[in-house]
Amino acid sequence: MHELTKAPPPRRPDLHVATDGEFQGWRTWIRDSFESHIGPFWHKIEDDGSVRSAFRVEKKHLNGSGNVHGGCFMAFADYCLFAIATHELDGPAVTTNFACDFLDAAREGELIECVGEVSRAGGSLIFLRGKLTSAGRPLFTFSGTIKRVKRKPAPQPNA
């Protein structure tokens, strides 16, 4: 994995920035054990404020036919929902709805990229959509809804 040594922003201690390799300068979250295990997935904020996400397909991402597993595309797209919503989020959130269409397959070694947009952001719900591509070839489209949540206080012992 890439060396992750840059200090994260004070309000996001789980956000790390790659300091070397193919994704130098890109960001990833380390709070999600599942994403860390199947990734790494990366995102960066472009000069125009848009968010681009990406990952390089490794053998662990493949199904029995040698193509990227559909569940991998779906997990990456879920990661992308939160990356795309980065300007709207200032606290914890969860995915409440997710829909997708598989358009084409991808193979080991390909760079999978995602761009998307926030369709609408309200008080508690954020609606988004995005598209995964490889070398400009459409692979997968998706839409989803994220709900902002308030952290519940930890239960008190003997309460």
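The legends below describe close-up views of a predicted model.

View 1. Leaving aside residues up to four places away in sequence, Glu 35 touches Phe 41, Asp 78 and Tyr 79.

**View 2. The salt bridge between Glu 113 and Arg 52.** Side chains of opposite charge can pair when their charged atoms come close. In the whole structure a search finds seven salt bridges, and in the one formed by Glu 113 and Arg 52 the closest N and O atoms are 3.5 Å apart. Because Glu 113 lies in strand S6 (residues 111-121) and Arg 52 in strand S4 (residues 51-56), the pair ties together parts that are 61 residues apart in sequence. Arg 52 is partly exposed, at 26% relative accessibility.

**View 3. The salt bridge between Arg 148 and Glu 88.** The side chains of these two residues meet with an N to O distance of 4.0 Å. Arg 148 is in strand S8 (residues 137-148), while Glu 88 is in the loop between helix H2 (70-84) and strand S5 (93-102), so the pair ties together parts that are 60 residues apart in sequence. Arg 148 is partly exposed at 23% relative accessibility, and Glu 88 is partly exposed at 33%.

**View 4. The salt bridge between Arg 129 and Glu 117.** Here the closest N and O atoms are 2.4 Å apart, and since Arg 129 lies in strand S7 (residues 125-134) and Glu 117 in strand S6, the pair ties together parts that are twelve residues apart in sequence.

How values were computed
Residues are numbered from 1 along each chain as its sequence is written. This is a predicted model: local features need pLDDT of at least 70, side-chain atom pairs count only at pLDDT 80 or more; totals for chains, interfaces and linings use all residues. Side-chain values use heavy atoms; hydrogens and water are left out. Contact means heavy atoms within 4.5 Å. Helices (H or I, at least four residues) and strands (E, at least two) are DSSP runs, numbered from the N terminus. Buried means under 20% relative accessible area, exposed over 50%, partly exposed in between (1.4 Å probe, protein chains only).
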